[in-house]
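This report covers charge, overall build, nonpolar cores and salt bridges, in that order. The sequence and model come next.

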Amino acid sequence: MDSEHPNFFAGPYIDRRAEEREHPDWMRAALEDPQTLYLLGSGTRHLVYTRPQPRIAFLEAREAAAATADPSRLVLLGWFRERRCVLVEVGEACPLQTPPQASFEELRPLSPLLNGEEAGLLAYARALSIWRARQRYCGACGAPTLAQRAGHCMRCSREGCGQEVFPRLDPAIIVLVTDGERALLGRQADWPPGRYSTIAGFVEPGESLEDAVAREVMEETGVPVTGARYDSSQPWPFPASIMIGFRARARPGSPTRVNGELEDARWFSREEIRAGAAGLPPVHSISRRLIGAWMDGE
């Protein structure tokens, strides 16, 4: 992947400054800093302006300092555009008077319309919010957990346990398989009519990424592949995946079969794709990038 043109949701959009999470007075410093930006979240939705162009509805210190009386609902995201940025989880009933043009919206439908840096920041915040919501109780003993390290660690509150849990991602491979002149694409039944995409699936325990590529393609399409080669990766916060992109080769003329995970899988030439025989995935997806690179002869 060209490091100067990272996949959507990726890139150096934020200076995370993980060392700042270790400071016990990080919250006081954030609240006293008049330059701090506050990003409000309610569940998996975030406060944005949708018109004229979608953008994050950042709040300033005076507007957001009283957004929550519970310190556990504040999360230090890092420095965005050289300003400290804090996620405020306000719950379903927002205690603030928000700007009249702003509303809480889901990221997925808005993401193609957002500035790339702001889309990346919202993806980061969304993934953290989902992880935190799922770690309210200790997985070892069932006791409530407490937020620590500026919201990036959930620690069991029971004395004698104290298990700490940090954010986790679900690794998934996504692969463009070609036989030289054709690309193997599949479609799921609930996709828009005519849409096809690259083959993808989650990595299983005890499995390498390359093994996962070969297994998923065989399971979903019946095509054996070789020469899996890493291309690039993309954070995918729906809800908490990291898509690891590959290219792989198949023998020319390999027949396809589907087993229920896909509605259809078939080979497409570049000419067929250009003629519209396959509706392609959204332009901000790594799948579209893999297909586009192959279409351009890379």
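## Charge and model basis

The 35 positive and 40 negative charges of the protein have mean positions 2 Å apart. Lys and Arg count as positive and Asp and Glu as negative, with His and the chain ends not counted; the charge is placed at NZ of Lys, CZ of Arg, CG of Asp or CD of Glu.

The model is predicted: local features need pLDDT of at least 70 and side-chain atom pairs count only at pLDDT 80 or more, while totals for chains, interfaces and linings use all residues. Residues are numbered from 1 along each chain as its sequence is written, and side-chain values use heavy atoms, with hydrogens and water left out.

## Overall build

The protein has seven helices and 15 strands (DSSP runs, numbered from the N terminus: H or I of at least four residues for helices, E of at least two for strands). Its C-alpha trace spans about 65 × 50 × 35 Å along the principal axes.

Of the 298 residues, 48% count as buried (under 20% relative accessible area; exposed is over 50% and partly exposed in between, with a 1.4 Å probe and protein chains only). Among contacts (heavy atoms within 4.5 Å) with a separation of 6 or more, 65% join residues 24 or more positions apart.

## Nonpolar cores

The largest nonpolar core holds 43 residues, of which Phe9, Leu39, Phe58, Leu77, Leu121 and Leu185 touch the most other members. Such a core is a set of buried Ala, Val, Leu, Ile, Met, Phe, Trp, Tyr and Cys residues joined through side-chain atoms within 4.5 Å. Elements that give two or more residues to this core include strand S1 (37–42), strand S4 (74–80) and helix H4 (116–133); H4 gives the most, with eight. A second, separate core of 19 residues includes Met27, Leu59, Ala102 and Phe104.

Arginine 126 also lies in H4 and is buried, at 10% relative accessible area. Beyond four places in sequence, its contacts are Thr44, His46, Glu106, Leu107, Pro237, Phe238 and Pro239.

## Salt bridges

The count is 21 salt bridges, each a side-chain nitrogen of Lys or Arg within 4 Å of a carboxyl oxygen of Asp or Glu. Arginine 84 pairs with aspartate 33 at 3.4 Å between the closest N and O atoms. Arginine 84 is in strand S5 and aspartate 33 in the loop between helix H1 (26–32) and S1, so the bridge ties together parts 51 residues apart in sequence. Both residues are buried.

Aspartate 25 and arginine 28 form a bridge at 2.9 Å; aspartate 25 is partly exposed at 35%, and arginine 28 is partly exposed at 44%. Glu204, Glu207, Arg215, Glu216 and Glu219 are linked in a salt-bridge network.
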